[in-house]
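Welcome! Open your viewer and get ready to select a few residues as we go.

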Amino acid sequence: MGNGDSVAVWGEDLTPVCNLISCMQDHWASRSAHHARLMLSLRVPYHTPTRFAKPASSSRLLREVKGGLRRLLWSPRGIELYAHIYPFFVRRGMDFKARSTTHDYLMKIKSTDESWIMVSGRTFKNEDEHRQTTACQSGFFQRLILPSVTQLAYLAAASTAWREEPPPFASRSESDLVFVRTSTRVTENILVGFAWVPGKAMYFDVFCADEESSRLVTPDAFVL
């Protein structure tokens with residue numbers, strides 16, 4: 001194979017050339033009824049997703065979704081942590097657990113915008129490792145934006161409502177909590193960590209943004 005051919009193959013594999021709109025349409029076609037029931041349960045106004053504003057993404061990222069290595073998920077606008085997510089879980093015998101200072105901050109979190117979220121089962125020790133690995137392996141060259149604490153809580157609610165396998169960021173037990181980084185920040189240097197034990201409770205805590213420990217990991221999840 002000549003050098004020119006090698007460049008062409010590499011470019012097709014890694015350069016953003018293939019859009020994800022068809023995958024999004026497939027997701028909505030198969031999940032619209034589930035989303036409608038969940039939004040009714042959350043008491044959030046029902047709406048369908050708006051057209052995806054970004055026309056292109058990587059071809060490898062598209063193959064990973066179709067191959068089951070990643071999941072493409074939708075989170076509606078208007079979701080608020082305490083107005084919608086909290087009562088949803090309390091009605092099912094689950095609770096929110098946070099230190100008083102963290103609780104006070106969570107009460108102020110406003111609703112998130114509508115978003116498409118890409119998730120896989122991997123975790124990373126920090127955001128830089130996530131960015132380098134994902135950009136290299138998926139060809140996704142845009143800035144990786146972690147889901148907010150509200151978006152992750154919504155995905156947990158969806159998994160609970162639909163009785164599906166928990167998202168990969170779920171913890172196994174209350175005695176072995178693993179918090180995941182979110183894009184929600186208390187200050188520039190303090191972020192909100194989110195942990196969830198299916199059927200038990202959601203947990204919230206705050207961490208230094210550059211903290212590295214076995215208690216805090218970066219999920220392989222990003223907002224498109």
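Start by selecting R215, which is partly exposed with a relative accessible area of 39%. R215 lies in the loop between β8 (201–208) and β9 (216–223) and D205 in strand β8, so the pair ties together parts 10 residues apart in sequence (strands are DSSP runs of E, at least two residues, and helices runs of H or I, at least four, numbered from the N terminus).

A word about what you are viewing: this is a predicted model, where local features need pLDDT of at least 70 and side-chain atom pairs count only at pLDDT 80 or more, while totals for chains, interfaces and linings use all residues. Residues are numbered from 1 along each chain as its sequence is written, and side-chain values use heavy atoms, leaving out hydrogens and water.

Next, select R70 and E64. Their salt bridge has its closest N and O atoms 2.5 Å apart. Is R70 buried or exposed? R70 counts as buried, at 3% relative accessibility, and E64 counts as buried at 11%.

Now move to R131 and D128, joined by a salt bridge of 2.6 Å, N to O. They sit 3 residues apart in helix α6 (residues 127–138), so about one helical turn separates them.

Methods
A salt bridge is a side-chain nitrogen of Lys or Arg within 4 Å of a carboxyl oxygen of Asp or Glu. Buried means under 20% relative accessible area, exposed over 50%, partly exposed in between (1.4 Å probe, protein chains only).
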